Amino acid sequence: MSSTLPLHMYIRPLTIEDTTAVSALESRGFPPEERAALETTQYRLNTCPELCSGLFIRDVEGSEVKGEKLIGHIMGTKIPNSGSTSQPSMITLQSMGKVHDEASTTVGIHSVVIAPEYQKKNLATLLLTDYIQKLSNQEVGQRIVIIAHEPLVPFYERIGFLLQGENESVKTDPAFGKTTWCDMVRELVKEEYES
Ligand SMILES: CC(C)(COP(=O)(O)OP(=O)(O)OC[C@H]1O[C@@H](n2cnc3c(N)ncnc32)[C@H](O)[C@@H]1OP(=O)(O)O)[C@@H](O)C(=O)NCCC(=O)NCCS
C-alpha cells in the first residue's frame, strides 16, 4: 500500500448521525442530478445502516482523540428481486429512490465516493473490498449490483464485478442520458475457513 495513506483510518457502518457528513461528501462526489437527496440518504442510513459503509480518519493530537472525519462512503439498499432466477435485478430509476426490500437477495450500490483530496490512493478499492467481504461472510445476499459510468468499468472489473451491458432504465431519464451507464454484478461467495 502507498506510504501516503492517511493515518488512523478505519471503516465502520454509517448511522443516521452521519447524515450531514454523508450528504456533504455526496455533494463533492456527484453533480446535483446524480447525488442522493438528503431524505434519500436519511432513509438509507435509517433503514439499512449495515449496507452503508464509511471510511473515516480519526483526528488525533498526542493521545487525545479530537474527532473523526468521513473521507469515503458506500451507500446500498436491497433492491427488489427481478422474479427471474436467470436474470439478476438491476438498478432502476425507481430503486435509486427510497427503496429497500429486506427479503431481496440483491444489494444495489447507489453511491461510492472518496473525497477528492484522498483519491488515487486505492481507498475506493479498499472500501469496496471490505464491503464485499463483510456482505459475503454475513450472507446478506447473493450479489451486489451497481451502475457505473463507462470509463469506470475496468476499475469495477478489477474488484470482481462483471459487465452486463448498458442500463436500460436510467437512460430514459434525460438527467442520466448524457453518458452511458453500465450494469455490473458481483456475486457474493462466503469464504470457507478451516476449523
Ligand atoms: C471513482 C472513485 C470512487 C475512485 O476512488 P479512488 O479512491 O480514487 O479509487 P482507487 O484509488 O481505489 O482506484 C483508482 C482507479 O480508479 C479508476 N478511476 C478513478 N477515477 C476514474 C475516472 N474518472 N475515469 C476512469 N477511471 C477512473 C482508475 O482505474 C484508477 O486507477 P489509476 O489511478 O491507476 O488510473 C472516486 O474517483 C470518486 O469518488 N469519484 C466521484 C464519485 C464517482 O464517480 N463514483 C463512482 C460512481 S459509479
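Author: **Around the ligand**

The ligand has 19 residues around it, and the closest are Val112, Lys120, Asn122, Thr125 and Arg158; a residue counts as near if one of its heavy atoms lies within 4 Å. Keep in mind that this is a predicted model, where local features need pLDDT of at least 70, side-chain atom pairs count only at pLDDT 80 or more, and totals for chains, interfaces and linings use all residues. Residues are numbered from 1 along each chain as its sequence is written, and side-chain values use heavy atoms, with hydrogens and water left out.

Sort that shell by type and you get 12 nonpolar, four polar and three charged residues (Ala, Val, Leu, Ile, Met, Phe, Trp, Tyr, Cys and Pro are nonpolar, Asp, Glu, Lys and Arg charged, the others, Gly among them, polar). Strand S4 (106–114), helix H3 (123–137), strand S5 (143–149) and helix H4 (153–158) each give at least two residues to it; helices (H or I, at least four residues) and strands (E, at least two) are DSSP runs, numbered from the N terminus.

Now zoom in on the atoms. In Val112, a backbone N or O atom lies 2.8 Å from a ligand nitrogen. Thr125 brings a polar side-chain atom to 2.6 Å from a ligand oxygen, while a side-chain N or O atom of Arg158 is 2.9 Å from an oxygen of the ligand.

Notes:
A polar contact is a pair of N or O atoms within 3.5 Å; within protein, one must be able to donate a hydrogen and the other to accept it, and residues adjacent in sequence count only if both atoms are side-chain atoms.
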